[in-house]
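Subject: Structure for you, with notes

Hi,

Here is the structure I promised to pass on.

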Amino acid sequence: MAGGFFTPSVTSWIPGVNSQKKQMCFDWGPGEMLVCETSFNKKEKSEMVAGCPFIHIIRKDIDVYSKILRKLFNESHGIFVGLQRIEEELTGKSRKAQLVRVSKNYRSVIRACMEEMHQFAVADKDSAIGRQFSSQVSILSAVELIWNLCEILFIEVAPAGPLLLYLLDWVRLHVCEVDSLSADVLGSENPSKHESFWNLVTTLVLQGRLDEARQMLSKEADSNPTSAGMCRVLGDLMRTMPILSPGNTQTLTELELRWQHWHEECERHLQDGTFASNPHLESLCKVLLGDDAALLEHKELLSNWYHFLVTRLLYSQPTVKPMDLHLYAQSSLDLFLGGESSPEPLDNILMAAFEFDIHQVIKECSIALSNWWFVAHLTDLLDHCKLLQSHNLYFGSNMREFLLLEYASGLFAHHSLWQLGVDYCDHCPELGRVSLELHIERIPLTTEQKALKVLRVCEQRQMTEQVRSICKVLAMKAVRNNRLGSALSWSIRAKDAAFATLVSDRFLRDYCERGCFSDLDLIDNLGPAMMLSDRLTFLGKYREFHRLYGEKCFVDAASLLLSLMTSQIAPRSFWMTLLTDALPLLEQKQVIFSAEQTYELLRCLEDLTSGRPLCGEPDAQQLQDDDIETTKVEILRLALARNLARSIIKEGSLEGS
Amino acid sequence: MFVARSIAADHKDLIHDVSFDFHGRRMATCSSDQSVKVRAEPGSKRDLARPATHSGSVWRVTWAHPEFGQVLASCSFDRTAAVWEEIVGESNDKLRGQSHWVKRTTLVDSRTSVTDVKFAPKHMGLMLATCSADGIVRIYEAPDVMNLSQWSLQHEISCKLSCSCISWNPSSSRAHAPMIAVGSDDSSPNAMAKVQIFEYNENTRKYAKAETLLTVTDPVHDIAFAPNLGRSFHILAIATKDVRIFTLKPVRKELTSSGGPTKFEIHIVAQFDNHNSQVWRVSWNITGTVLASSGDDGCVRLWKANYMDNWKCTGILKGNGSPVNGSSQQGNSNPSVGSNIPSLQNSLNGSSAGR
């Protein structure tokens, strides 16, 4: 089989762009493409022309945005995940039964979707939207038709005998004007005189619904005594046609033999001219004999070549073998089209199925359909049936993964369906993970809830780099919008020490400017996360100091304050603030800082003041600042000295007594 | 099948470049009207931020990774490249909650028109490269991500030919050293090597030339490394008189002289002349599975490798000059484009649908 998709490719038209005179510049987004009219040649000169007034956003996977299809995507996702988890140990019959069940589940989901769309299409018949729904229904109907055939041939693997019964069911399911026609005719006063009576009878025979056909014939017999005899004979022929019934234990050979006898009996009646006086009945007899010409006279009723094929097989080769199907299929197609028209994409797909060329089926479907949903799920199912040889891509994956990831890519563009996309990636062992990594970072985090969902997905899969990156993006956004608490919690989640330091610095700066902390809840409950960075630890401890002070645990507060400086956790730039915070503690009635602690504080103060660099020409503001600084230092020195005195006395007297 | 919606671009002159941000929510455009504009979806909060300006036509605009905040870079005919940052108004400010763009730095080292500017992959920090008609690629870094007014020129790579485009290799694998590809549209007859690839050397701390694509002898207008989906080799697309796709497979280290730049096995895997004219832009989608190209024929073409590794055209975007359907509203995606491929629905016109 030749590789590659073939042309033609889809051409889409962008409004407002004149490709005769101009060109287009573009850029990719995660789910859409940005396009704009430009002119590549005229680079140096500016035209001062109004230029292109519009930029265009092109979206490819529009099906993802359809509300009704969304149900299809959701439900099929459930079936897909269930399929991946099917026990590997199941073999043989039970495995096959399970796979058939999965296939039927998929099909019932398609039909449910079709039903719903059909309602909308009917309700809205005359509008453009109604027509759109109608066409979607058609497409889904084709999809279900193909899937059903694939189920019969590839999954059920129906052998000769049952094969025909399955194909009959298949045709009956998809050509359904019969029921409404039947209702029409039977509901009328004189059914056999209804203008569509013979069409109905013929259609029933074409579909192998011989019991119903016989009932119709009896109505004709009742109302038209001259044909009663012929009707009875034909009815008998219909009744006695040998068919393989499910519970029947006869062998294929026995069936063939009996069928041959019956066929010969029908032939005899035709030769004897039993039905000669009634062209309708004679035509029906020819149909029973599988006469191609007679069948083709009813082209309108058959409406398509595959119906023609199945009817032909029913009345000429009921024990057809699967491997011979394609011969009859090809001749049926040729006869039915009669050289007047050429095969359409659907015809090619069905033909490929009859030829048991699975790869061709998948390839043709990929071309004909705009959404990857169908090929992805069908290929996955067929892969589970071990029917696909794996074709290695140049980066070492296979067709199944290729299609599943194509489908998943479309899902990621959607604001809620992206979650389904994750599961599809999970079940692609070769490329799923890296694909997920690329997609998940691009999901716009419009709400906190969504961000948390995305992060949970990453954390569950140990995608640490993605967690870090996403948290960083959120932290940065929070910082730019001055939401420091949010920025801090995202930095902590990202385990980003550097950024945590940065945000802590902002907090501290805020405190210095406003005299109070924002986001106290967060800082109070940092827990072990406090250890992420020194600055963050300092922030947490500093807040603790304020809490202790507020609760009047002065001694503890004092010790903490001192330790912040002596342990070097506090940044130098903050020491003056800390020392200033010590002032109220120094001026309490009772002595809080011990003598030793006071010596330490003095040392810190000296450290701080001696290390002050003199920078160039001080301006007026700087002089004023310096003045304030000098005053503060003096006040501190005084307070410390006083405290030293008091503490020495206090400690001295305690020792003494 | 594609659906288009249109947003007013609001430029007074020809637009030269459009750029989607990382999440596909905001769009930057730059124009011969010397401005850079940022748009978001109409109706969303931050639309139509005040424009940023150069003093010459602006050729390209590009977004930095959102890890660095809301940052843009642009390059212009005025011989400069600029870095812009979005500032959200302070809460006690009249502009509360509103944003505007501030030019943080102007990079003035080039003596000629700056033709391209691209940010390096995020794992390299906040770094960008520019290339100019004077044949020099300049790599700048902002050591402090919170202070975008400080950028230092880290490297100057002399390409000896007028440069038109650059592309960083987005691969963040530890196995690959940073790599940058440079294309030249120099049309002088002596200028042969139109595509050069430079690689960073840990030992010398410099960029050294690793490869020249000898088979590309026509002027190159655009160049793009593909995102790496876990491959061991690199893919490079080139816009020249046609579309070309190359693979570069690193040759095993033992076979090369130690300490030198990596040697590559270079193969051309696709060459398309469907544009039938000069190709001006090439760009990869985010997973590196589809390449888009834009040419003098006024079309944008999409190229994809199927699961058998054959590259084919899978879509064409074209303009027929038809009028735009008024202004777009959010959520209004009436298909204003159609397709001409016989679809399945046509095949079913003979049979019945529904139940």
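How many bridges join strand β11 of chain B to β12(B), and do the two run parallel or antiparallel? Five bridges join β11 (residues 127–132) to β12(B), and the strands run antiparallel. Before going further, please keep in mind that this is a predicted model.

**Around β12 in chain B**

The two strands β11(B) and β12(B) form a hairpin, with three residues between them. B:Gly135 sits in that turn and has a positive phi of about 85°. If you want a residue pair to orient yourself by, B:Met127 stands opposite B:Glu141 in β12(B).

β12(B) also pairs with β13(B), again in the antiparallel sense, over six bridges. Here B:Ile139 stands opposite B:His155 in β13(B). Strand β12 covers residues 136–141, and five of its six residues are buried, so it is largely enclosed by the rest of the structure. As a reminder when you look at it, side chains in a regular strand alternate between the two faces of the sheet.

In the loop between β13 (152–158) and β14 of chain B you will find B:Lys160. Its phi is near 65°, a positive value in a residue other than glycine. Is B:Lys160 buried or exposed? B:Lys160 is exposed, with a relative accessible area of 75%, because anything over 50% counts as exposed.

β14 then belongs to an open sheet of four strands in chain B, with the order β14-β15-β16-β17 and antiparallel pairing. The edge strands of this sheet are β14 (163–168) and β17 (206–212), each of which pairs on one side only. From one strand to the next, the twist averages 25°. Within the sheet, β15 (residues 179–184) and β16 (residues 195–201) pair in the antiparallel sense over five bridges. B:Ala181 has B:Ile197 in β16(B) as its bridge partner.

The loop between β15 and β16 of chain B holds B:Asp185. With a relative accessible area of 31%, B:Asp185 is partly exposed. Which residues does B:Asp185 touch, leaving aside its neighbours within four places in sequence? The contacts are B:Ser162, B:Cys163, B:Ser164, B:Pro219, B:Val220 and B:His221. B:Asp185 and B:Ala133 are 52 residues apart along the chain, and their C-alpha atoms are separated by 9.1 Å.

**Chain B as a whole**

Chain B has one helix and 25 strands. Of its 355 residues, 60% are buried. Among the contacts in chain B with a separation of 6 or more, 46% are between residues 24 or more positions apart. The accessible surface of the chain comes to about 14,200 Å², and carbon and sulfur atoms hold 46% of that.

A:Phe356 lies in the loop between α15 (345–354) and α16 (358–368). It has a positive phi of about 60° although it is not a glycine. At 32% relative accessibility, A:Phe356 counts as partly exposed.

Another loop, between α28 (575–586) and α29 (595–610) of chain A, contains A:Gln590. A:Gln590 is partly exposed too, with a relative accessible area of 45%. Between A:Gln590 and A:Lys650 there are 60 residues in sequence, and 9.8 Å in space, C-alpha to C-alpha.

**Cavities**

How many cavities of 30 Å³ or more are there? The count comes to 13.

Best wishes

Technical notes. Residues are numbered from 1 along each chain as its sequence is written. Chains are lettered from A and ligands numbered from 1 in the order in which they are written. This is a predicted model: local features need pLDDT of at least 70, side-chain atom pairs count only at pLDDT 80 or more; totals for chains, interfaces and linings use all residues. Side-chain values use heavy atoms; hydrogens and water are left out. Buried means under 20% relative accessible area, exposed over 50%, partly exposed in between (1.4 Å probe, protein chains only). Contact means heavy atoms within 4.5 Å. Accessible areas come from the Shrake-Rupley method with a 1.4 Å probe; for residues, only the protein chains shown count as cover. Two strands pair if DSSP finds at least two bridges between them. Axes are lines fitted to C-alpha atoms, for helices over the stretch in contact, and angles run from 0 to 180 degrees between N-to-C directions. On a 1 Å grid over the protein atoms alone, a cavity is a set of points where a 1.4 Å probe fits but cannot get out, and a pocket is an open set with protein on both sides within 12 Å along at least five of seven lines; lining residues have an atom within 4 Å of a point. Grid points are joined across faces, edges and corners, and a volume is the space filled by probe spheres set on the points.
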